[in-house]
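Hello,

Here is the structure I promised to hand over. My notes follow below it.

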Amino acid sequence: MNFILHDPRLHDHLSGDHLPQDHLSEDCVEQARIQAIPARIGAAARAVSRLAAERAEALDRDGGFPAEDVAHAHAAGLLTAPLPVALGGAGLGAPAMAPVLAGLLAQIGRGSLALGRLYEGHVNALALVLRYAEPAVAERLARDVRAGHLFGVWNTQPQTGGLVLENAGAPDAAEGAWTLGGVKSFASGAGSVTRPLVTARRPDGRQQMLVASLEPGTRADLSSWRAQGMRASTSGILDFSGLRVGAGDFVGGPDDYFREPHFSGGAWRFAAVQLGGIEAVFDALRDHLRESGRGGDPHQAARLGEAAIAVETARLFVDRAARLAGDPEAEPARVIAYVNLTRLAVERAGLDVLERAQRSVGLAGFLSPHPLERLARDLATYLRQPGPDRALTSAAAHVLAETCSADELWRDPPAAVRPAVPAGSSDEAP
């Protein structure tokens, strides 16, 4: 797959045309292309992130959706990247590619947390489609991805008036048409996401995933989105009332959306985007100290050092969570517990970096157009994810129930079940 960028300096590197194909077998050429995919994805992500960062200030307003950034991501091959190669993608959604995906999400978040939130929703939707949808449905939706449609996952809804499925007249709902009724709330990209994956309540009370086909600019109400930060994510209300859908729009079976460990274990992806936002705040702090000449002050240096520790802590947690979640042999309960800890570790790191950056920069960091002002608002808003206390206590319950020592908690398989050291050998240095 080629990643085509607007930056001509990167085109040759990303296209793979520089490989010495005349001197290699077809298998070797294909293997070389596969091995080059992470580097090509990284280069594409950096280009998209750089331009998104340049546009972010102008989009920091009500209704300021990053349409150009999404179009650039599509042109760079990032919208299709999560798809398997057979469906026109780069295979980024494969479990073994989880560390590469983590780096990509962090890179996009570093340039724009709003774009990162939207892209993470797109990636999440495609992961659900590829995991649960019938092959024919997945192939049809892959064509939509290749055509440039932005996907998202909208599960949140008000306590009353949430999304429901109503049979439109066929005796067997699975074979007939349905009509949707109700709304989704806090729908990121409302009015711009044209292929949202949503959950709707069936007549039997269970939840059904489906992908709705929407026209841009329709059914969205952004009047309640008056946020402190993340304004360009345009997270509003989307009214689906009267929209017709069929069984061919369904993804998986009833309540598949909530299957573990993927439901809880996939949270590492938004933590990766948050990591990018934390890194952007850290860079703004470091740039300020350099430009102001205050980096030599011992108090400033101490705060910068503490912020560096927090950033690296978040990065290590995200990387480990991605690898663990991508390991098909990992114990599901261990994956969920570690990802829950990652959520809280990244949140804590973000709050620590924000505090030190704002204390070091001072009042100037709260005034526009200082770079820290918007970055801090976006990060503080995006760090507010649902159920943090439940995530922490759930992880703690797992840790409490484990009988292995602390150094073995997150090993898979645990050291206790690994083969014993053969008699006559020693781990000690001679």
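**A nonpolar patch**

Leu363, Phe366 and Leu367 make a nonpolar surface patch of about 330 Å². Patch members have over 30% relative accessible area and no salt bridge; like charges are joined within 9 Å, and nonpolar side chains (Val, Leu, Ile, Met, Phe, Trp, Tyr) within 5 Å. Areas come from the Shrake-Rupley method with a 1.4 Å probe, and for residues only the protein chains shown count as cover. Phe366 sits in the loop between helix H10 (332–361) and helix H11 (371–382). Helices (H or I, at least four residues) and strands (E, at least two) are DSSP runs, numbered from the N terminus. Phe366 counts as partly exposed because its relative accessibility is 47%. Buried means under 20% relative accessible area, exposed over 50%, and partly exposed in between (1.4 Å probe, protein chains only).

**Ground rules**

This is a predicted model, so local features need pLDDT of at least 70 and side-chain atom pairs count only at pLDDT 80 or more, while totals for chains, interfaces and linings use all residues. Residues are numbered from 1 along each chain as its sequence is written, and side-chain values use heavy atoms, with hydrogens and water left out.

**Salt bridges**

The structure holds 26 salt bridges. Each is a side-chain nitrogen of Lys or Arg within 4 Å of a carboxyl oxygen of Asp or Glu.

- Arg110 pairs with Glu279, closest N and O atoms 2.5 Å apart. This links distant parts of the chain, helix H4 and helix H8, 169 residues apart. Arg110 is partly exposed at 27% relative accessibility, while Glu279 is buried at 12%.
- Glu120 pairs with Arg269, closest N and O atoms 3.8 Å apart. Glu120 is in helix H5 and Arg269 in helix H8, 149 residues apart. Glu120 is buried at 6% relative accessibility, and Arg269 is buried at 11%.
- Arg384 pairs with Glu347, closest N and O atoms 2.2 Å apart. Arg384 lies in the loop between H11 and helix H12 (388–401), and Glu347 in helix H10. Arg384 is partly exposed at 48%; Glu347 is buried at 14%.

Asp60, Arg231, Glu373 and Arg377 are linked in a salt-bridge network.

**A three-stranded sheet**

An open sheet runs in the order E4-E8-E7, with antiparallel pairing. E4 and strand E7 (220–221) are at the edges with a single partner strand each, so one side of each has no neighbour in the sheet. Two strands pair if DSSP finds at least two bridges between them. Three bridges join E4 to strand E8 (residues 236–239), and two join E7 to E8. Lys184 stands opposite Leu238 in E8. Ala220 also stands opposite Leu238. Strand E4 (residues 183–187) is largely enclosed by the rest of the structure, because four of its five residues are buried.

The largest cavity has a volume of about 100 Å³. Of its 14 lining residues, Ala56, Ser112, Ala114, Ala232 and Asp378 are closest to its centre.

On a 1 Å grid over the protein atoms alone, a cavity is a set of points where a 1.4 Å probe fits but cannot get out; a pocket is an open set with protein on both sides within 12 Å along at least five of seven lines; lining residues have an atom within 4 Å of a point. Points are joined across faces, edges and corners, and a volume is the space filled by probe spheres set on them.

Best wishes
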